[in-house]
Amino acid sequence: MFTHFDFDVIGRSWVYLFQVGMAFTLELTVLAMIGGVALGTLLALCRMSSFKPLALVAAAYVNLIRAVPLVLVIFWFYFLVPYLAAWVIGAAEPVKVGTFWSALITFTLFQAAYYCEIMRGGIQAIPRGQVLAAQALGLNYWQVMGRIVLPQAFRNMLPVLLTQTIVLFQDVSLVYVLSVPDFVGAASKVAQRDGRLVEMYTFVALVYFVLCCLLSWLARRLQKRVAIVR
Amino acid sequence: MNYHWNWRIFGEMSPDGVHTYWDTLLSGLAWTLATSLAGWVMALALGFAVGALRTLPGRWLPLLGTAYVELFRNVPLLVQMFLWFFVAPELLPQAAGDWLKAMPNAPFATAVICLGFFTSARVAVQVTAGIQALAGGQRLAALALGLDLPQTYRFVLLPLALRVILPPLTSEFLNIIKNSSVALTIGLMELTASARSIQEFSFQVFEAFSAATLIYVLVNLTVIAAMRLLERRLALPGTLGAR
């Protein structure tokens, strides 16, 4: 079946694929994860705020982002970010931001909505007694959250956060629509240059499969380790 | 910010000279709905089969089911789309591959197959969880009443599991609608692709994307409302969901 295929193309291009493509994908994944978790936690706190307008705005943002496909959001920010940047620094013309920054902002803002819901679940699972005890000890809101609630919520939600990060790692492939050389984009460039679509895309699928299996195995192990025995 | 807003753009003629940009959006919506509905039917059928497979007694069949789920969950949707569109026709015998590539609606058929398999793995996980969430006595009682294993699944376990997993199935249905936008990479003119084409031809970026966003939100709300009704109808008596 594979007689007329030329798997040599992978041998010729794998250094480029990993050094340029996979590096871009991983960099974007890690940075968007850090930004997304931070922003998502803030959003979760806003959603649970007793100040109603803030809670409403955060809920509206989360629900809006979750209703729209990622591809559309990528396009939105690709065109919107230059105008926003111009508005922030007061320039008259839209600023050229570059696809990496545009993609990073997109994935951070998009994933924040999903991380927010995970963190909200984690925070709501903390027994109320914990908060009451902390308040009785005289801690203020930020101390209660920062020292009592959030550390426990993070620990409980770590496996779920990691699972969401695997989703993010897979979703980063969609920057392909901006013609960015991420792992898929780089492979597709080589594939089209050499006319070797079959070999390249099979290879890409295989690499993703192995990496994601590895990560979800890690998530399962983590789940066992962080589980709190009650 | 010197962006020139022009909301009348949707009434203007699109480059094909017959339809307005508004028609472009509507036809995009129609493709999105057709793709996700067809994919959803396929995902439900496959997902229930594979999900049930994973709960069968024995070792090899559940393992096969789990391998299926892992295969479709651990490769990005975009890559799967490319595999079905560019790679699958090459692996078939020459004649079949050529016939596939020459099909008039190749992107549509490919997208349906791809989304169907991709979503079926997610549905299968829910179905397995649903069957395992049922009281263990259900299976034993059904077998004790003289039903054989297929009958136990057909008349007892699967109908009950369906009613338990309706809420997570709703979000999978919303996901398949959103995921259908990935099919624009293989040339399907669905809603996001339509908005993008309006942007390319008219330069009215934000109007086009706002309209598409609004349509996605409306579809979302409609699906949620319809599923809430269904959930209330089908909630198992005696559970917290029933009233």
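## Two chains and their contact in a predicted model

B:Ser181 is buried, because 31 other C-beta atoms lie within 10 Å, where buried stands for 20 or more such atoms within 10 Å of the residue's own C-beta, exposed for 12 or fewer and partly exposed for what falls in between, with C-beta atoms placed from the backbone. The structure is a predicted model, in which local features need pLDDT of at least 70 and side-chain atom pairs count only at pLDDT 80 or more, while totals for chains, interfaces and linings use all residues. Residues are numbered from 1 along each chain as its sequence is written, and chains are lettered from A and ligands numbered from 1 in the order in which they are written.

B:Ser181 sits in the loop of chain B between helix H8 (166–179) and helix H9 (191–202), helices being DSSP runs of H or I with at least four residues and strands runs of E with at least two, numbered from the N terminus. Leaving aside residues up to four places away in sequence, B:Ser181 touches A:Pro69, A:Val71 and A:Leu72 in chain A, as well as B:Glu190, B:Leu191 and B:Thr192 in chain B; a contact requires C-beta atoms, placed from the backbone, to lie within 7 Å.

The contact between the chains takes 29 residues from chain A and 28 residues from chain B. On the side of chain B that touches chain A, helix H3 (77–91), H9 and helix H10 (205–234) each supply at least two residues, and H3(B) gives the most, with eight residues. That side of chain B divides into 18 nonpolar, six polar and four charged residues, with Ala, Val, Leu, Ile, Met, Phe, Trp, Tyr, Cys and Pro counted as nonpolar, Asp, Glu, Lys and Arg as charged, and the others, Gly among them, as polar.

Chain A has eight helices and zero strands, and its C-alpha atoms fill a box of roughly 75 × 55 × 25 Å along the principal axes. Of the 230 residues in chain A, 37% are buried, and among its contacts with a separation of 6 or more, 72% join residues 24 or more positions apart. Within this chain, A:Leu42 belongs to helix H1 (residues 8–47) and is partly exposed, because 14 other C-beta atoms lie within 10 Å.

Two residue pairs are set out below by their C-alpha separation.

| Pair | Separation in sequence | C-alpha to C-alpha distance |
|---|---|---|
| A:Leu42 and A:Met119 | 77 residues | 9.3 Å |
| B:Ser181 and B:Ala193 | 12 residues | 7.5 Å |

Definitions and conventions
Two residues are in contact if their C-beta atoms, placed from the backbone, lie within 7 Å.
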